[in-house]
Amino acid sequence: VSAAGLLYSQEIPREYIGQIWVTNWFSDGAGMLILTSGLLVWRQLPPVTYHWWRWLEWAILLFCLAIVSGLTLKVDYGNRMMLLYLILPFAVWGAVRFEQHGATLGALLIAGILLNGGLNRIYPMGESAGTPELLLEIGFIAVTSLTAYLVAAAYSERRQAEENLFREKELAITTLHSIADGVITTNDRGRITYLNPIAEELTGWPSRAVIGKPTAEVFLMKST
């Protein structure tokens, strides 16, 4: 529709209409992917209990992304592709440190700057980038965003697994504390890792004094 409108208005020569049409299709597709992901993730805001240094890290990350993305629009197209690769580490940084919220916000910022700048370069002010170069740039935006999303998903899954493991461990310790039998746990080298209160009474040792000691020094078993 936009290409047809430009053709009808005769504001742009006919030879540029095909480039604009193809570029709009790909840029709209990448934009829908990034915008939809951002809306789904940001329905739930990140924790407001962040320490001040976490908010500072947020600000530094977004500032760096904006600066590097903006710099790619200030250089000639040959050097631009080299600068584009500098964006990826910052996108991964946001995904690792802030998971889905960092990945989606970073992707939105990158896409907003690069897509807007890329479409403005196609015609006719100053340098005119061809359709293949612009499509390559749009593809880079999509790949960078997907990479950040995958890294964020992996770290989020790992964090949830660690939290679940911690909760299960706490539940197990609570259960062992409450049973009426003495329980001693050891590692694969036979050194004590845990005594419940009943085991402390039976052995006469406090738990904090025997952690890491061999079982034989604390509890002597006799066969009957």
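## Fold and model

From the N terminus on, the elements of the protein chain follow the order α-α-α-α-α-α-β-β-α-α-α. That makes nine helices and two strands, where helices (H or I, at least four residues) and strands (E, at least two) are DSSP runs numbered from the N terminus. The model is predicted: local features need pLDDT of at least 70 and side-chain atom pairs count only at pLDDT 80 or more, while totals for chains, interfaces and linings use all residues. Residues are numbered from 1 along each chain as its sequence is written, and side-chain values use heavy atoms, with hydrogens and water left out.

## Confidence

The average pLDDT of the protein chain is 78, and 78% of the residues score at least 70; pLDDT is the predictor's confidence in each residue, from 0 to 100. Among the elements, α3 has the highest mean pLDDT (87) and helix α1 (residues 2-9) the lowest (52). Over residues 122-128 the pLDDT is below 50, and this stretch has 18 contacts in the model beyond near neighbours in sequence. A contact means heavy atoms within 4.5 Å.

## Surface and burial

The protein chain has 224 residues, of which 32% count as buried. Buried means under 20% relative accessible area, exposed over 50%, and partly exposed in between (1.4 Å probe, protein chains only). The chain exposes about 14200 Å², with carbon and sulfur atoms supplying 65% of it; these areas come from the Shrake-Rupley method with a 1.4 Å probe, and for residues only the protein chains shown count as cover.

Of the contacts between residues at least 6 apart in sequence, 58% join residues at least 24 apart.

## Nonpolar cores

In soluble globular proteins, nonpolar side chains tend to be buried together. A nonpolar core here is a set of buried Ala, Val, Leu, Ile, Met, Phe, Trp, Tyr and Cys residues joined through side-chain atoms within 4.5 Å. The largest one has 25 residues, and I34, L84, I87, A103, I110, L114 and I141 touch the most other members. Two or more residues come from each of α2, α3, α4 (77-84), α5 and α6 (131-178). Helix α5 gives the largest share, 10 residues.

Leaving out residues up to four places away in sequence, I34 touches A107, L108, A111, I141, S145 and Y149. Another core, of five residues, lies apart from the largest one and includes I192, A199, V210 and V218.

## H101 and Q44

H101 lies in helix α5 and is buried, with a relative accessible area of 16%. Q44 sits in the loop between α2 (14-41) and α3 (52-72) and counts as exposed because its relative accessibility is 60%. The two residues are 57 apart along the chain, with their C-alpha atoms separated by 9.2 Å.

The side chain of H101 reaches the backbone oxygen of Q44 at 2.6 Å. Apart from neighbours within four places in sequence, H101 is in contact with V41, W42, Q44, L45, P46 and W58.

## Aromatic residues

The structure holds four aromatic pairs. Rings of Phe, Tyr and Trp (its six-membered ring) pair if their centres lie within 6.5 Å; planes under 30 degrees apart count as stacked, over 60 as edge-to-face and the rest as tilted. The F90 and W93 pair is tilted, because the ring planes stand at 40°, with the centres 6.1 Å apart. Both residues lie in helix α5 (residues 87-121), three residues apart, or about one turn of the helix. F90 is partly exposed at 22% relative accessible area, and W93 is partly exposed at 25%.

One aromatic cluster is formed by W42, W58 and F98.

Notes. A polar contact is a pair of N or O atoms within 3.5 Å; within protein, one must be able to donate a hydrogen and the other to accept it, and residues adjacent in sequence count only if both atoms are side-chain atoms.
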